[in-house]
Each structure stands twice: as structure tokens, then as C-alpha cells.
Amino acid sequence: KIGFTDAAGARVYRIGKYNTYNGLCYFCDERDMTAIYMVACTVGDSFRFTPYQMIALPTLPTDITPAKIMTVTLTPPAGSAAQPSVYTYYVGGKVEGETDVWYGAVGTAEEARLSTEDGKALSTALTTMAFSELVSYRAEDHATFGLDNPWTMTIDYKVTQGFEDSQTGAVTKVDVNRSFTLLLGNVGNKGLCYATVDGSPLTCLLMGDIFPK
């Protein structure tokens, strides 16, 4: 038996014998013992874990490559005195003699070159972007972590897609613009930003100590 309580109330499910013919188990809801179902025998596995271990974290892009990054824009929370910041990645450098390099500008200030260390850290963080852990699954906790009025980080980048001509079979490769937005809150005790995506009740820790910096 597996019992739990959620917003719909308390419920108990029964998992019965294993059927060797189809590899499924018998299953029923105690609220209606007249209906017997067959389900994957892994149905009970999730209940070995806590909600924090069961909940799927928001999906982050995995198609960002260093050479295709264009800009990262940080927009401050509503009512903040802070100014927006724009970080631009220049493939091959911005001026003669530079290699790939990041520049950043706060508000209307002139762009300034990021250090090699910070630029490398930013490129790495963007191309391997991931949440390290779930902190809360309740939307009402957003205020605790600064996500009720967050910073908005928008990443603009390109991906290369191939389009095949239906008549000739020739494939044409084209760079397509993409954009992804993250909401950033306070910096946690691990030196990482609390973060989430728009519309999600979840609060996560965002890997990459360059983001708070």
C-alpha cells in the first residue's frame, strides 16, 4: 500500500502481484476497489524519495555554444535603483589584436572588457547551465529567496539548423536566433543565485558563481 496526502486530500493505492506475461503489476485505488488496472512495476519507486528528489527541475537550454552566444542582459527588479547591464560576446574580438572576448556595460556607460577569467567563467556557465538543487517547491516561498521581484537574465544566442530542399535534397544550414530567460533572486549561503523560470513555483540554486558576480 502507498498512502499520501496532497491538495485533493488523502488517498491510498494498492500494488498487487507481478504479471509475468506482460511485465506489469496489478493496481487499484482504495476509493474504488472494483476497478483493477495494470501499471509499470516501477510505480512505487518514486515514493522512496522526498518531494525534493522527485520533482523535475525546470528545463534549461543545452544548445548554447560559446561561438554562438550574442548577449546576456540583466534587467533589475521593478523599483530598483540599479541599472540594466548588457554583456556582449565578440567572436574574434572587438578590436584588432583581440581573440574571443566579453565586454560589459552598465546602463549607458561605455563597454568595458571583462577579465579573461570572468569571460571564461561566463562562457562556461552559459554553455553548461544547470540547476544544482531544488530549494523549495512552493510559490509562496519566492519572497524568501528574492524571486517575488527578481532580476531577469535574458540570454540571446544562435543555433545552426539544417533545412532540406524537398526537391533536390540539398541541405542549407542557417543560424537561427534564440532567447532564454531566467529569473534570479538572492545569493544563497553557497554563493549561488536562487533562480527559477517564469511561471514556475520552484526555487532552485543556479550553478555558476559568475552569475552573482
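**Entry 1: terms and model**

I count two strands as paired if DSSP finds at least two bridges between them. I take strands (E, at least two residues) as DSSP runs, numbered from the N terminus. I am working with a predicted model, where local features need pLDDT of at least 70, side-chain atom pairs count only at pLDDT 80 or more, and totals for chains, interfaces and linings use all residues. I number residues from 1 along each chain as its sequence is written, and side-chain values use heavy atoms, with hydrogens and water left out.

**Entry 2: around β13**

I began with the hairpin of β12 and β13. Six residues lie between these strands, and G199 in the turn has a positive phi of about 90°. β12 and β13 run antiparallel and are joined by three bridges. Y194 sits opposite L205 of β13.

I then looked up the other partner, strand β9 (residues 131-136). β9 pairs with β13 over four bridges, in the antiparallel sense. Here F131 is opposite L206.

Which way do the residues of β13 (203-206) point? T203 and L205 point one way, C204 and L206 the other way. All are buried (under 20% relative accessible area, 1.4 Å probe, protein chains only).

I followed β11 (residues 171-187) next. 14 bridges join it to β10 (residues 151-164), and the two run antiparallel. Q161 has V174 of β11 as its bridge partner. The hairpin of β10 and β11 has six residues between the strands, and G169 takes a positive phi near 80°.

β11 also pairs with β12 (residues 193-196), antiparallel, over three bridges. V187 has C193 of β12 as its bridge partner. Five residues separate β11 and β12 in their hairpin, where G191 in the turn has a positive phi of about 75°.

**Entry 3: the sheet of β1 to β4**

I found an open sheet of four strands in the order β1-β2-β3-β4, with antiparallel pairing. Why is one side of β1 (2-6) and of β4 (32-40) left without a neighbour in the sheet? Both stand at the edges, so each has a single partner strand.

Inside the sheet, β2 (residues 9-19) is joined to β3 by five bridges. R14 has C28 of β3 as its bridge partner.

**Entry 4: Y26**

I placed Y26 in strand β3 (residues 24-29). Is Y26 buried, partly exposed or exposed? Y26 counts as partly exposed because its relative accessibility is 34% (the class between 20% and 50%).
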